[in-house]
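Welcome, and thanks for taking a look at this one with us. Please have the sequence and the structure open side by side while you read.

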Amino acid sequence: MSYVVFYFYKWILVPFAYLILQILRPFISGKLREMIEDKNKSFYVIKRPGAESEIAVNRPLWIHAASGEIEYARPVIREFKKIHPDVPVLVTYSSPSAKKILESLHEVDVWASLPWDTEASLTAFIEKWRPRALLFSRTDVWPVLAQVAHKNNIPAGLFSATFADNSSRLKGLTKYLTKYSLNLLKEIHCVSDEDRSNLQSLHLQTALLVSGDTRFDQVFHRLENPKPLNNELMPTTEEFVFIGGSTWPEDEAVLIPALAKIKRDNFKAIIAPHETTAAHMEKLEKQLVDAGLPYVCYSKATQWPAGSILLVDKVGILAELYTWADIAFVGGSFKKQVHSVMEALAAGLPVMVGPFHQNNREALFYQRRHFS
């Protein structure tokens, strides 16, 4: 059954999806269009100009991380470079959201858009870069990619793997595609015994190991090596600070009226939206004005008055801002799925989430621990 589902995916579903996306591309905007165009033009960036042939000759380690999964890959890349400083690292992404993170990773020699999940596109990519091994971060194992890597004798593995009981990858016809793909890997390093147990239900031939979650390594590394903040805005120890991290409009629609009701002179709040586009920031500012909440923007402010909101219009400093707060709300949880709660927890904060948090293992674990 696994073979039947895989070949349906490879020869019918993927070509059909590719055709539809190409037809609709002129009418699509935003990140989806950027993703399509990046794949179409085989977009890549080399950190050192002129090093393209050198990277292929030295056969890079290839790590694929869809988007936020790069945070799980960072400790792996860092440790690999300590042991093998002369081996290049190639990172591919699925979502253009990953570009901002990849631009800042000095250990990465080349980063690129993952090709379309077709044999021809992936074979050309492998022939160009000649990777020595392939590692998938967290979840994003593409079936044809796994098959083409196996066919080209490129050992592949999955780390920080998580498979919850209710995962769609373990249900229906999708479980056969998951089984086929994962059986092409050499090793799967799971986050927990529960993940390994859930994968064992697929009767995989691939070795299953429990190695923990690399995101914890990254979170603690970040706390030990913080980015600088504007200390002129640092709250005093007498002030109580609430922070809403990685918020979306659906979260802000709940948070802002709540903050308007509880504002006090010695109370401060930080809102750090997930997206800081001009349109989103303008909408947020209007919502704050309409709610009667005074605010200052992080990038422009020289002081942060008591009883006001610090509106964060800069990306990449949320982990550090958590250390300024006394309690946190993590966004996405009134939208579709909550973002990672690890950074807020590692900063020692009580963490609140909205109703859509079933996707997050840490949120569920600490919820059970608190109420047990």
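The report below starts with the whole chain and then visits its sheets, some helices and a few single residues.

## Overall picture

First, a word on origin: this is a predicted model. The protein contains 15 helices and 14 strands. Its radius of gyration is 22 Å, close to the 21 Å that the globule rule gives for 372 residues, so the protein is as compact as a globular protein of that length. Along the principal axes, the C-alpha atoms fill a box of roughly 65 × 50 × 45 Å.

Of the 372 residues, 48% count as buried. The accessible surface of the protein is about 18500 Å², and carbon and sulfur atoms account for 57% of that. If we take the contacts between residues at least 6 apart in sequence, 64% of them join residues at least 24 apart.

## The eight-stranded sheet

Let us turn to the sheets. One of them is open and built from eight strands, in the order β1-β4-β3-β2-β5-β6-β7-β8, with mixed pairing. The edges are held by β1 and β8 (207-210), each with a single partner strand, so one side of each is left without a neighbour in the sheet. On average, and with direction ignored, neighbouring strands of this sheet are turned by 20° against each other.

β2 and β3 run parallel and are joined by four bridges, and here L61 stands opposite V89 in β3. Helix α9 (residues 193-200) lies across β6 (156-161), β7 and β8, and runs at about 160° to β8.

## The six-stranded sheet

Another open sheet has six strands in the order β11-β12-β10-β9-β13-β14, and its pairing is parallel. At its edges stand β11 (295-297) and β14 (351-352); each has a single partner strand, so one side of each is left without a neighbour in the sheet.

Strand β9 (residues 240-247) pairs with strand β10 (residues 267-273) in the parallel sense over seven bridges. Within that pairing, G245 has A272 in β10 as its bridge partner. Helix α11 (residues 249-262) lies across β9, β10, β12 (309-311) and β13 (327-330), running at about 170° to β9.

Which residues of helix α6 (residues 119-129) are buried? They are L122, F125, I126 and W129. These residues cover an arc of only 95° around the axis, which puts them on the same side of α6. The face turned away from that buried side carries the exposed residues A120 and E127.

Several elements contribute to the cover over the buried residues of α6, including β1 (44-46), α3 (52-57), β2 (61-64), β3 (89-93), β4 (110-113) and α7 (143-151).

## Positive phi values

Most residues other than glycine have a negative phi. S42 has a positive phi of about 50° although it is not a glycine, and S42 sits in the loop between α2 (30-40) and β1.

R59 also has a positive phi, near 55°. Its place is the loop between α3 and β2. With a relative accessible area of 33%, R59 is partly exposed.

Our last stop is S94, found in the loop between β3 and α5 (99-103). Is S94 buried or exposed? With a relative accessible area of 12%, S94 is buried.

Leaving aside residues up to four places away in sequence, S94 touches M35, H64, A65, A66, L114, D140 and W142. S121 lies 27 residues from S94 along the chain, and their C-alpha atoms are separated by 14 Å.

Notes
Residues numbered from 1 in each chain as written. Predicted model: local features only at pLDDT ≥ 70, side-chain atom pairs only at ≥ 80, totals over all residues. Heavy atoms only, no water. Buried < 20%, exposed > 50% of the residue type's maximum accessible area, 1.4 Å probe, protein only. Helix = DSSP H or I, 4+ residues; strand = E, 2+ residues; numbered from the N terminus. Arc of directions from axis to C-beta. Contact = heavy atoms within 4.5 Å. Pairing = 2+ DSSP bridges. Axes fitted to C-alpha atoms, helices over the stretch in contact; angles between N-to-C directions. Rg over C-alpha atoms; globule rule 2.2 N^0.38 Å. Areas by Shrake-Rupley, 256 points an atom, 1.4 Å probe, with all protein chains shown as cover.
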